[in-house]
Amino acid sequence: MQLQTIRHGKSLKGKRVLLRIDANVPVKKGEVLEGSFGKVARAAVDIEWLCQHGAKVIILSHLGRPGGRRISAYSLAPIAKRLESLLHLPVPLSRDIVGSKAQRMAENLEDGQMIMLENLRFEKGEEENQKSFAIALSRLGELYINDAFADCHRAHASIDAITEELPSYAGPLLVQEVRLLDQIRKKPSTPFVLVLGGKKMETKIPLLQHFLPLAEVVLLGGALAHPFLFAKGFSIGSSLYDPHEVPLAKKFLKEFAHKLILPLDVGVTKSLRSRSKMRIISLADIQKNDVIVDIGTKTLDLYRSFFQKAKTIVWNGPFGYCERADFCSGTHMLAKAIATRTGKAKTIIGGGDTLPSIESAGVANQFTLLSTGGGAMLAFLSGETLPGIEALQKN
Ligand code: 3PG
């Protein structure tokens, strides 16, 4: 896949560069909750490179889904603060996203300096992919770089429409992700093992449809496994599941019974509250008021045996209720098991909910690719055309 990139820094000196990053990360009480492999930390590497080459950087991002309204909980102030501490440089936040004040801040930048614009989704024009909003944004800069692979499945103004207004390039992080994921989606080295957890089955259906015929096996865990367990006649107690998903789970199981691998044992608890304890039990022993919150050791051993032979392993979605650290040990052990295969297999991990678990397992630097994309990675691997990538190819 061909994407136009900025190959060397010479052309950047003194240029106002609009840089779209994905800084959509968890924020609690004004603090960004991510480690050194998080999305902001990784964007900072490319921001630093641009500054070192004399660019005047105008950083664009969104946070959450404020729906076109200015909601202070979604301000990018904590992101600007995190960038300052990573880069040891000032990152002033422009409360105005477009217009004369933002223009003045952009024009007053010296070479190697930067500003960040407030959350783009405070403006309706962003999600509506409005040309007028893209034009107003484009006035702030002279060229545009998209380094936000995680947002390329969104036809939003700062991802799509803007590419018609400015010379547009793919950023280094985006290029790295697209190059590797493109190889995987076209021709993964086999045996190919897909590992899917998390909650939202609807976001994983296209991926299952695309890869079930190609994959050696698909290993399921997390709440995603619940409709499949239910469809196979197991009790899932009081665990989270959507009854509407059961017929589809049945259909997948009928067609690909030998490929869809389900947990053998699980961690269950009586409640998600902080004092409740977890016990590992076989599926047959799940009781009415048990809630599944993790996978068990037999499941891990079984899943590990598939990793031994795999040449490609793709994983998205935690295998437990990782909001509580003591319900995340199966996910941590899974991360470690996949990490040990890197080199012998291509190991690709992605998903906003998966990344924090990988970081807390201490193995974030041990994969072929730690994708910043959640929905974008799933859509790209399923063979969908992403508006953000298409826009870069056209313009
Ligand atoms: C992500 O975190 O996956 C991206 O920022 C996309 O966020 P969205 O689903 O709110 O568009």
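Predicted model: local features only at pLDDT ≥ 70, side-chain atom pairs only at ≥ 80, totals over all residues.
View 1. Residues are numbered from 1 along each chain as its sequence is written, and side-chain values use heavy atoms, with hydrogens and water left out. Strand E12 (residues 265-269) and E13 run antiparallel and are joined by four bridges. Strands (E, at least two residues) and helices (H or I, at least four) are DSSP runs numbered from the N terminus; two strands pair if DSSP finds at least two bridges between them.

**View 2. Three strands form an open sheet in the order E13-E12-E14.** The pairing is antiparallel. Strands E13 (279-282) and E14 (291-295) each have a single partner strand, so one side of each lacks a neighbour in the sheet. From one strand to the next, the twist averages 45 degrees (axes are lines fitted to C-alpha atoms, and angles run from 0 to 180 degrees between N-to-C directions).

**View 3. Thr354 belongs to helix H12 (residues 354-361).** Its relative accessibility is 0%, so Thr354 counts as buried (under 20% relative accessible area, 1.4 Å probe, protein chains only). Beyond neighbours within four places in sequence, Thr354 contacts Trp315, Asn316, Gly317, Pro318 and Ile349 (heavy atoms within 4.5 Å).

**View 4. Residues around the ligand include His62, Arg121 and Arg154.** A ligand oxygen atom lies 2.6 Å from a side-chain N or O atom of Arg154.

Key. Buried < 20%, exposed > 50% of the residue type's maximum accessible area, 1.4 Å probe, protein only. Near = heavy atom within 4 Å. Polar contact = N/O pair within 3.5 Å; in protein donor to acceptor, adjacent residues only side chain to side chain.
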